[in-house]
Amino acid sequence: MVDLLAVYVAVFLTLALYSMLYKDTAWYRIAESVYLGVAVGYGVSLDLLYVRNQWATGGWATPGIMLGGFIIALVLGVLWYFRFIKQYFYLYRWPLSIIVGTGIGLALRAVIFVQFTDMIKAQVKLNLWIANDMMTTFNNILIFIMVPCVLLYFWFTGAKIRETAPMKVVDKIARYTMMAGFGSAFGYTVLTRFSMFIGRAQFLLGITPNPPENKIAFIVLGVLILGSMVAYDLFFKKKS
Amino acid sequence: MSNILRRIEIPIFLTIVFTLIQVVPYYVYIQPLDDAASYIQRWILIVLALATFVGVISILQVHGKNVAKRSKGWYFSVIVLVFTIVMALVGLPLAEVGLGDKNPVYLFLFNYMLQPLSGTMYSIIAFFIASAAFRAFRARNIEASIVLVSGLLMLISNAPLFTVFWPPFKTIGTWIFAVPNMATNRAITIGAALGLIALAVRTLMGIERGYLRGGGAEQ
Amino acid sequence: MAFLEKFMDMDRRWVYLLSWIFVLAPLLYPLGLPIPINQEAIKWYDTIDKIPNGSVVIFAPMYGTSGMPELFPMTVATMRHLWSKDIKVIVVGFWTEGPLVFRTLLTQVDPTSYGKVYGTDWINLGYIPGSETAMASFAKDIPGTVSSDFILGQPTTSFPMMANIKTAADIDLIISIETGTPGATEWLRQWQAPYGVPMIVGCIGVSVPGMAPFLQSGQIGALLPGLTSSAEYELLLKKPGLAVAGVDAVSMSHLMVVALVILGNIAYFATRGSKGGKK
């Protein structure tokens, strides 16, 4: 019984969200409200479980620097909630600044290697002449030209140097490169979004490993929801 | 005393100190500093985890107000409040009283509500993309034509329907991915890295204060 | 001409309806189109197949329920492949829903059918809050950062496979299945740059273009982009699943979008002439 209820609830919420494709209706608003509530609430469990496990088995209960640190962490954890009290808002900034500082530090220390020098090295290592592979040679030459052009395009945005003849060529190469890149991004975006829809469609049709009961629920609830929206439109159109 | 505590220099100082604690030992090995960095990395996860109720309280504030004032659509706010509170409560890690991530209500809400809703919400964009592609994707000039052609070729290359009948479609798609797309993203990656470094330096100098803005709360 | 103008201005709900038809029809009546196996899937398969026996691999489902339709098939297929080999697998998530997604996987794939014992051959360390900070802490001190496992709630160090695993230096490969941030860039910054741990990434289509520079530079060893490649991988494993079942629908939906774009442009250029060359 619970399984059937679960199936119908899941299918209903899926179709209720999709109902907005027809029109923004109460069905959609209900599903959206449920989503908001559940999405905000579910993370609480895992976050607090982590803290509890750290206390139980993480060594933080050891008197000394560990216990002291845990107590300070708890205090800072409470300071987050002064965000909601205007008079003491400044206290909220303390844990925030610690988090931001640590995050920036961790990102900063390796970004210069991962996203800068390694990229430069890969660019410099491009083999611009491979005797028995003209295609790769051609591609490498293209990349060798395109990357600096795109970089220069961004770096000199708004500068007077953009008006000069060499920069106009650079601009053109950069723009065409980026347009081709963005076209590629569009293609992949379509793949992702339709893959997500296909996943939901497989769920609605009860395709294994989804429960086969989903299909009947899809038909029943689909007719009900779509029927109610169309009937509502007709009724109000008729009235007006 | 509270005037001193309100000073913006305190959080700026904290940001600088905690940034340097992470950066310095990475380049200069000083045992105590390295130990401090490791300790703080573990310790800060607890501080972060304890912020878990900020979202819940924000939701309760906004939607609680809607319900109290009977604003337009207040009944939807009731739904939001009910599900937020129920999900947060049943998810509390108190396995001794049957609550937590193995609680049947929590699992039901996750498996049969959050999972379908989450997947569906992001899949709706597929329809908008199809509609937008039909209405707005036009070869108005050279650049738009390049986007169009490149986009179409990428679409074709991602669909076995086309590549099975003419395999070079896949080769073309791979070329677009590996050459112009790679070049664009390499330049963006390098630019983003420099931007991050600039942001970090500005933060260390106390110039960047955007993260400290905000006046807080309801009256 | 009037027809073309009407066509261009048609109610967008007709496009939505077309989308439903082009996706549902091939799911209900599979076309059975052959699926060519491409280099990305082969590289992914070979990379995992060549992992030496006794290696320790981190498997990170770095996505939430929103990414499940596209990434769950590759997650299932990859775990089957990993469990079919003699390697230790540590499952860990830096996205809140990761461990819960993995729990769904366990309802479909039984590790004991591969002869795998929990705690000896694989372990689920659950979710660690903190994104990049958590990844850095995890790299520095694995048992300290995650003191209890996710399934049994027992101390991490009590499991046989964790006896000699202390830091990132003890890990041989990272497999990250991801949708965004934290993701590959954070793994590279906190695991590869300091400790040299190699990684491979499976991701949604939207993230794929951004992976290209890391793939070309060799920072990422292999990339499995999206549902179609997942289907190819399932075929290589000879275990067709949801991805293979969905590929016909991918083809038809893409055909629809291509046709709409082409028809839209034909109508645009045809009516542009009649409007006096207006752009």
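The following paragraphs describe the chains, interfaces and selected local features of a predicted model.

Chain C contains 11 helices and six strands, and its C-alpha atoms fill a box of roughly 75 × 40 × 30 Å along the principal axes. Of the 279 residues in this chain, 56% are buried. When contacts between residues at least 6 apart in the sequence of chain C are considered, 74% of them join residues at least 24 apart. Chain C is divided into domain 1, which comprises residues 2-30 together with 247-274, and domain 2, which covers residues 39-240; the centres of these two domains of chain C, taken over C-alpha atoms, are separated by 38 Å. Chain B is likewise assigned a domain 1 (1-90) and a domain 2 (137-212), and the C-alpha centres of domain 1 and domain 2 of chain B lie 33 Å apart. The contact between the domains of chain B involves six residues of domain 1 and four residues of domain 2, and the residues on the side of domain 1 of chain B that touches domain 2 of chain B comprise four nonpolar, two polar and no charged.

Between chain A and chain B, 98 residues of chain A are in contact with 101 residues of chain B. On the chain A side of this contact, at least two residues each are supplied by helix 1 (2-18), helix 2 (26-57), helix 3 (65-79), helix 4, helix 5 (134-155) and helix 6 (165-204) of chain A. Classified by residue type, the side of chain A that touches chain B has 65 nonpolar, 23 polar and 10 charged residues.

The contact of chain C with chain A takes 45 residues from chain C and 42 residues from chain A. Several helices of chain C each supply at least two residues of the side that touches chain A, among them helix 2 (12-28), helix 6 (131-140), helix 8 (184-195) and helix 10 (226-236), while helix 11 of chain C gives the most, with eight residues. The residues on this side of chain C divide into 26 nonpolar, 15 polar and four charged. Within the arrangement of these two chains, helix 4 (residues 89-124) of chain A packs with helix 9 (residues 208-217) of chain C at an angle of about 65°, with their axes 9 Å apart, and the crossing of helix 4 of chain A and helix 9 of chain C is left-handed. In this packing, Asp118(A), Met119(A) and Ala122(A) of helix 4 of chain A meet Pro213(C), Gln216(C) and Ser217(C) of helix 9 of chain C, a contact with three nonpolar, two polar and one charged residues.

Several buried elements of chain C may be described individually. Strand 5 (residues 199-203) of chain C is largely enclosed by the rest of the structure, because five of its five residues are buried. From this strand of chain C, Met199(C), Val201(C) and Cys203(C) point one way, whereas Ile200(C) and Gly202(C) point the other way. Strand 4 (residues 173-178) of chain C runs parallel to strand 5 of chain C and is joined to it by five bridges, with Met199(C) in strand 5 of chain C as the bridge partner of Ile174(C).

In helix 5 (residues 98-106) of chain C, the buried residues are Gly98(C), Pro99(C), Leu100(C), Val101(C) and Phe102(C). The cover over the buried residues of helix 5 of chain C includes helix 6 (104-136) of chain B, together with strand 1 (56-62), helix 4 (68-83), strand 2 (88-93) and strand 3 (122-127) of chain C. Pro73(C) is found in helix 4 of chain C and counts as buried because 26 C-beta neighbours lie inside 10 Å. Not counting residues up to four places away in sequence, Pro73(C) touches Leu227(C), Ser230(C), Glu234(C), Gly241(C), Leu242(C) and Ala243(C). Pro73(C) and Gly226(C), although 153 residues apart in sequence, are 9.6 Å apart in space from C-alpha to C-alpha.

The peptide bond from Thr208(A) to Pro209(A) is cis, with omega near 10°, and Pro209(A) is placed in the loop between helix 6 and helix 7 (213-239) of chain A. A cis peptide bond also joins Thr181(C) and Pro182(C), with omega about -5°, and Pro182(C) is in the loop between strand 4 and helix 8 of chain C. Arg70(B), a residue other than glycine, has a positive phi near 50°; Arg70(B) is in the loop between helix 4 (53-69) and helix 5 (74-90) of chain B and is exposed, with 9 other C-beta atoms within 10 Å. Lys238(C) has a positive phi near 60°, lies in the loop between helix 10 and helix 11 of chain C, and is exposed, with 6 other C-beta atoms within 10 Å.

How values were computed. Residues numbered from 1 in each chain as written. Chains lettered and ligands numbered in written order. Predicted model: local features only at pLDDT ≥ 70, side-chain atom pairs only at ≥ 80, totals over all residues. Axes fitted to C-alpha atoms, helices over the stretch in contact; angles between N-to-C directions. Helix = DSSP H or I, 4+ residues; strand = E, 2+ residues; numbered from the N terminus. Left-handed = near helix turned anticlockwise from the far one by under 90°. Contact = placed C-beta atoms within 7 Å. Nonpolar A, V, L, I, M, F, W, Y, C, P; charged D, E, K, R; others polar. Buried ≥ 20, exposed ≤ 12 C-beta atoms within 10 Å, placed from the backbone. Domains from an automatic or database assignment. Pairing = 2+ DSSP bridges.
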